[in-house]
Structure formats: structure tokens, C-alpha cells
Amino acid sequence: MRERHRADSVKTPPSRPKAIIRKPLPVKSDIAVTTHESVYRGLRNRILFGGFLPGSAVTLRGLAEDMGVSPMPIREAVRRLIAERALKMQDNRRVLVPLMTQATFEQIVFARKTLEPELAARAMDHIGPAELRQIAAHDRSVDRAMATSDIHGYMESNYRFHFAIYERAGAETLMALVESIWLQFGPFMRMAYNRWGTSDLEDQHQAAIAALQRNDRKALRAAIAADVSQGMSFIGESVLRRAY
């Protein structure tokens, strides 16, 4: 009886209130972020590798339909590319690659010949055998693209060659400037492509690779500067009808 009484006298503890599950505050979706960045990079690559003809206007809606996305990431990507001077917004809300002017061209030539040899020189100490093999592979891709008249392949491989060197410099500010400059002249390379195929000039890519192999900083600077001069001269003759 005593045991029964003890059991009866034990009070059942009050039930605890159910925990309140708070939903996390809404945050920007990772998918949305990825889409925005993907659209930006896609448009950026089109500009770099000749996907937009200078002066040809397109609508934001047309770009969205072409890329299979909503207008929102297109607007954001275009805003970024306008800030980088790669695109220009017209009064009718169409966007285009701006036409090249004499003044802009001369500034681009000056900036490239000043910044790119400097980036290459800074990169030299950070380029080992593995990096050198990759740089040489990009140059071979340039040759294959030229042999098969692959304009897009040429433009992309030429870009990869240069930036495989520059990105080893560890100079983010200089890199950002050079990337913006390439966006401004990149579309015009397509117009000058045929001149590369008929030119009989020293291969400055090979000269740059040889300089990297010898750890010859002065020769590397000279090769990059000469390569810039050659390429921009072809663009100047094709776009502005003037040799540089």
C-alpha cells in the first residue's frame, strides 16, 4: 500500500510548451546568385570573343530570350558591363558595344603597353614548369585556331594565353584595369582577324615563352610590349584605317 500511495502521490510534471520553430530570415538564393554571375560571365565572354559586333544594338528582352533567363539577371549583368565600359546604353534602352574613336584607341594602346608588360614582369617569379606548360598549351591552341580559321577559338585562346601569365602577378588592381581594357578593344579583334593570318611577323608569344624559360624579365617585357603593338596595329588599320 505504501508503494502504491507513493506512486499515486507522484504528480505528473506539466507538459512543456512546444518549441517555437522560427523560420530563418529570407536570404538571397544561392541559385539566384549563381544565375546572376553566370549571365554576367556569359555576356562578358561574348564581348571578349567577338559575339557582339561593334555598333549593333540589342534589347535587354532579346538578350534574356537568347540566354533563356529572366530580364533581371540581364539588367544586372548589363549594368556591370556598362560600368566596365564594355557596353553602352542608348536612349531607347537598347545596348551596344560602343564604336571605337581615335582618342579611345590611343588611350587603350597606351594603357596596354604600360600595364601588360608590368604584369608579366611581376608574374615571372610565380610561374613554374606547370604554369609554363599551360601557357604553351594556350599558344598551341592559338596556332590551331588560326590554321582552321576558327575566329572565336583564336580570340579565346589568345586571351587565355595572356591572362595565364598576368594572373600570376598577384596584382588585383592592375588585373582589373587590364580586364576592363580588354573588354573595350576585344570586339574589334574580330574585325582585324584576317590580318593576323596574312602577317609574317615574329611570333611574340614564342618570344615570351622563351623569356619565361630563361627567367629573362627584360625580354619578357619586350615580347609582351611587341605583341601588344602588333595586335593593336592590326586593329587600328582595320577599324580606324590607320597604322600604329
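## Second largest pocket

Helices here are DSSP runs of H or I with at least four residues, numbered from the N terminus. The model is predicted, and helix α8, residues 172-198, gives the most to the lining of its second largest pocket, with three residues. The volume of the second largest pocket is about 230 Å³. It is lined by 14 residues, of which R85, P98, L99, T104 and Q184 are the closest to its centre.

By class, the lining of the second largest pocket has nine nonpolar residues, three polar and two charged.

## The sheet

An open sheet is formed by three strands in the order β1-β3-β2, with antiparallel pairing. Its edge strands, β1 (58-59) and β2 (88-89), each pair on one side only.

Strand β3 covers residues 94-96 and is joined to β2 by two bridges, the two strands running antiparallel. Within this part of the sheet, K88 stands opposite L96 in β3.

## Helices α6 and α9

Two packed helices are described by the angle between their axes and the distance between the axes. For α6 (residues 129-147) and α9 (residues 204-214), the axes come within 11 Å and cross at roughly 170°. Angles over 145 degrees count as roughly antiparallel, and α6 and α9 are therefore roughly antiparallel to each other.

On the α6 side, L132, I135, A136, D139 and V142 make the contact; on the α9 side, H205, Q206, I209, L212 and Q213 do. Six nonpolar residues, three polar and one charged make up the contact of α6 with α9.

Technical notes
Residues numbered from 1 in each chain as written. Predicted model: local features only at pLDDT ≥ 70, side-chain atom pairs only at ≥ 80, totals over all residues. Heavy atoms only, no water. 1 Å grid on protein atoms, 1.4 Å probe; cavity = no way out; pocket = protein on both sides within 12 Å on 5 of 7 lines; lining within 4 Å. Points joined across faces, edges and corners; volume = space filled by probe spheres on them. Nonpolar A, V, L, I, M, F, W, Y, C, P; charged D, E, K, R; others polar. Pairing = 2+ DSSP bridges. Axes fitted to C-alpha atoms, helices over the stretch in contact; angles between N-to-C directions. Parallel < 35°, antiparallel > 145°, perpendicular 65-115°, else oblique. Contact = heavy atoms within 4.5 Å.
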